Amino acid sequence: MISHRRNTPKAGEATAQNALPCERVMMVRPSRFAWNKETAVSNSFQQAEDSNHNLEVHRLAMAEFKSMHAMLVKAGIHVHEFSDSPTPTTPDSIFPNNWVSFHGDGSVAIYPMLAPNRRDEICTHWVEELEDTLGVKWTRRLDLQPLCEQGHYLEGTGSMVLDRDNKVAYAALSPRTTQKGLDAFARGLDYQIHPLRTSVQGAPVYHTNVMMSLGRSHALVCLQAMSNKKDQRTLVEKLEQSGRRVLEIDRDQMLHFAGNQITLANAAGDPQIVMSEQALKSLRPSQVRLLEGHGAILAPCLETIERHGGGSARCMLAEIFTPG
């Protein structure tokens with residue numbers, strides 16, 4: 001488990017005028033975390049497992065979950081934890097950001113996921129529990145689940161990296177992120193879609209949030225995941241126009257989950273960059289120093305979750321933006 005303190009920006013250094021990062025997140029404690037054969041078809045980050053060790057995998061994953069939860073709370077981030085039920089079996093319930101997103105305009109979006117067994121993770125009564133706990137009301141439900149019946153999918157803030165201030169959704173097209181799914185999201189929440197054409201190990205990046213992330217004043221991206229140089233330049237220009245400094249990672253760092261990070265705000269309003277220990281260790285010292293200029297780094301060890309689930313720190317957190 002690793003944490004880094006933030007460097008103070010130099011006098012006169014430009015900073016983005018984007019809103020403060022989210023202060024609240026949802027985490028889901030899994031009842032049966034395991035390698036999911038239904039998702040492995042489209043997720044090259046998952047590594048094949050020996051089913052004889054399922055109990056040990058779950059035990060190790062739970063230890064990592066608890067450690068990350070504790071690190072976030074200690075850093076002053078509000079964590080709302082829910083526990084999934086033993087039945088039906090939901091091996092990927094630890095990744096709630098794929099089925100729900102919360103928005104400050106009073107909207108909650110529920111998403112169509114590709115793997116049938118992942119659809120069992122959706123638990124909308126947790127939204128009502130959050131409303132009671134926080135004393136708020138999300139007044140509009142954008143339910144995109146019917147798209148599954150048409151063979152179209154969109155897996156929340158895994159499929160999309162959202163610039164909520166400018167209402168732009170960056171999205172790598174893949175079997176899990178179809179154009180029709182993106183169009184439905186754009187219409188429903190009045191977003192502009194910036195599609196990305198990617199290829200890594202002969203296949204599209206399965207989720208956009210493994211190749212890029214947005215902080216308040218920075219954007220981290222793996223341009224090597226995009227073979228078209230013009231597309232790379234267009235993406236960089238758009239990110240810079242949003243007031244963010246672009247930090248680049250390479251393909252190997254992306255495969256170590258360096259792109260799967262999220263910037264949150266603690267109770268004092270200070271930015272906290274959450275990524276895994278593996279991701280942090282893949283970065284060069286110069287990259288770490290640049291990143292520290294945009295927030296304190298929190299890096300829990302998530303080795304088991306990453307290896308068997310194919311997702312990392314950002315995937316485990318659903319941001320809770322409340323109406324107001």
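Is K167 buried, partly exposed or exposed? The close-ups below take up this residue and a few others.

**View 1. K167 in the loop between β7 and β8.** K167 counts as partly exposed, with a relative accessibility of 28% (buried means under 20% relative accessible area, exposed over 50%, partly exposed in between; 1.4 Å probe, protein chains only). The loop around K167 runs between β7 (160-163) and β8 (168-172); strands are DSSP runs of E with at least two residues, numbered from the N terminus. Although K167 is not a glycine, its phi is positive, about 55°. Most residues other than glycine have a negative phi. The model shown here is predicted, so local features need pLDDT of at least 70, and side-chain atom pairs count only at pLDDT 80 or more, while totals for chains, interfaces and linings use all residues. Residues are numbered from 1 along each chain as its sequence is written, and side-chain values use heavy atoms, with hydrogens and water left out.

**View 2. Q201 in the loop between β9 and β10.** Q201 sits between β9 (192-196) and β10 (212-214). Its phi is positive too, near 55°, and Q201 is exposed at 59% relative accessible area.

View 3. Look here for the bond from T87 to P88, which is cis with omega near -5°. P88 belongs to the loop between β3 (78-83) and β4 (100-102). Most peptide bonds are trans.

**View 4. The open sheet β4-β5-β6.** Three strands form this open sheet in the order β4-β5-β6, with mixed pairing (two strands pair if DSSP finds at least two bridges between them). β4 and β6 (140-143) are the edge strands, each with a single partner, so one side of each has no neighbour in the sheet. β4 pairs with β5 (residues 107-110) in the antiparallel sense over three bridges, and F102 stands opposite V108 in β5.

Definitions and conventions: Helices (H or I, at least four residues) and strands (E, at least two) are DSSP runs, numbered from the N terminus.
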